[in-house]
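Have the viewer open and follow along.

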Amino acid sequence: MLLLELITGCLPVNKIKPSDPDYENLAVKAKPMLRKAVKDDNINVVYTDPKLRKKSDNREMFRVVHCAAACACYPARDRPQMTEILAALEGNLDVKRLTEKMKTMLDAEAAEHILRDNKKLLEMLKAIAEEDPASSIG
């Protein structure tokens, strides 16, 4: 969370407008952005605090983004140890090692979405066939 706060300049929870429909915690909102940054190997898709943009070194920001992604996007049991995060932030560990599994996880997530969409489509087609058997192709 601390890395996400540093990168974005946002509070971990929106306390200003709790009735806002977009009211979510920072980790939930940041996950898709972090996953895309890792998948595309492009930190420019990550919202960065405007105060940081001018002052940050791209290599350092790359390390911070990958470390934040490894901490926020993996299930708890798969998250790196703090010693690994520290080593990565210091430049003593390749940050891509922390997020390499994320690329295969993204593929698995995409496959899961496709399966879910195909199931919905099948259900719709069955419903249509039940309403009008003559429209059934099979």
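Predicted model: local features only at pLDDT ≥ 70, side-chain atom pairs only at ≥ 80, totals over all residues.

**The overall picture**

Residues are numbered from 1 along each chain as its sequence is written, and side-chain values use heavy atoms, with hydrogens and water left out.

**Fold and surface**

- The protein chain has 6 helices and 0 strands, taken as DSSP runs numbered from the N terminus (helices are H or I, at least four residues; strands are E, at least two).
- Take contacts (heavy atoms within 4.5 Å) between residues at least 6 apart in sequence: 58% of them join residues at least 24 apart.
- About 9,900 Å² of the protein chain is accessible surface, and 56% of that belongs to carbon and sulfur atoms (Shrake-Rupley method, 1.4 Å probe).

**The largest pocket**

- A pocket here is an open set of points on a 1 Å grid over the protein atoms alone, where a 1.4 Å probe fits, with protein on both sides within 12 Å along at least five of seven lines.
- The largest one has a volume of about 180 Å³, counted as the space filled by probe spheres set on the points, which are joined across faces, edges and corners.
- Its lining (residues with an atom within 4 Å of a point) is M1, L2, L3, L4, A27, A68, C71, A72, M82 and I85.
- α1 (2–8), α4 (58–73) and α5 (82–89) each supply at least two of the lining residues.

- I85, A87 and A88 are the buried residues to look at in α5.
- They sit on the same side of α5 because they cover an arc of only 165° around the axis (from the directions from the helix axis to the C-beta atoms).
- Turn to the face away from that buried side and you'll find the exposed residues M82 and T83.
- After α5 comes G91, with a positive phi near 90°.

**C67 in α4**

- C67 belongs to helix α4, and it counts as buried because its relative accessibility is 0%.
- Beyond its neighbours within four places in sequence, C67 is in contact with L3, I85, A88, L89, V95 and L98.
- M82 lies 15 residues from C67 along the chain, with 10.0 Å between their C-alpha atoms.

Definitions and conventions. Buried < 20%, exposed > 50% of the residue type's maximum accessible area, 1.4 Å probe, protein only.
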